[in-house]
Amino acid sequence: MARGAAAALGLVCLALAGCNGGVGGGPEASLPATGGGVAGGAIGKALSPADQRVARAAEYKALEYGHTGVAVEWKSGNNHGQVGPGASYRGNAYTCRDFVHTIYIGTEQQSARSTACRQANGSWQPVT
């Protein structure tokens, strides 16, 4: 039991550390830069690469650990946002979740709705 709790804590630390990480290995790598979510959507193109990494880490945290309807918030410089995860469900042998990601660039608010499914390697792949 203690080993499982330590592993879960380690994953949370990785999710938080990914906000400062570069390419390869951080949770931001779990949501590819193409297809769905902030990083691959129209609302993400106005964010800097650093902002996109922080936003993707928040998406991962919301999908992996979030409670249905409880937003995971992020901030990077003057930009910020929140990811609201939906309930988990099974689809084609994968665990999937719908989510809404709202970003604020200055005073402009934009939202994107997407679905991601957890892959065998633990990453979340956007499917819409």
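A disulfide is here a pair of cysteine sulfur atoms within 2.5 Å. The model is a predicted one: local features need pLDDT of at least 70, side-chain atom pairs count only at pLDDT 80 or more, and totals for chains, interfaces and linings use all residues. Residues are numbered from 1 along each chain as its sequence is written, and side-chain values use heavy atoms, with hydrogens and water left out.

1. Disulfide. The search of the whole structure returns one disulfide, which joins Cys 96 to Cys 117 with an S to S distance of 2.0 Å. The link of Cys 96 and Cys 117 is right-handed, with 100 degrees about the S-S bond. Cys 96 belongs to strand E3 (residues 94–105) and Cys 117 to strand E4 (residues 108–118), so the pair ties together parts 21 residues apart in sequence. Helices (H or I, at least four residues) and strands (E, at least two) are DSSP runs, numbered from the N terminus.

2. Burial of the cysteines. Buried means under 20% relative accessible area, exposed over 50%, and partly exposed in between (1.4 Å probe, protein chains only). Cys 96 is buried at 2%, and Cys 117 is buried at 8%.

3. Ala 116. This residue also has its place in strand E4, and at 0% relative accessibility Ala 116 counts as buried. Beyond its neighbours within four places in sequence, Ala 116 is in contact (heavy atoms within 4.5 Å) with several residues, among them Leu 63, Cys 96, Phe 99, Trp 124 and Pro 126. The C-alpha atoms of Ala 116 and Pro 126 are separated by 4.0 Å, the two residues being 10 apart along the chain.

4. Salt bridge. The criterion is a side-chain nitrogen of Lys or Arg within 4 Å of a carboxyl oxygen of Asp or Glu. The count by this rule is one salt bridge, formed by Glu 64 and Arg 118 with their closest N and O atoms 2.9 Å apart. The pair links distant parts of the chain, Glu 64 lying in helix H3 (residues 49–65) and Arg 118 in strand E4, 54 residues apart. Arg 118 counts as partly exposed, at 31% relative accessibility.

5. Overall architecture. The protein chain has three helices and five strands, in the order α-α-α-β-β-β-β-β along the sequence. Of its 128 residues, 39% count as buried. Among contacts in the protein chain with a separation of 6 or more, 40% are between residues 24 or more positions apart.
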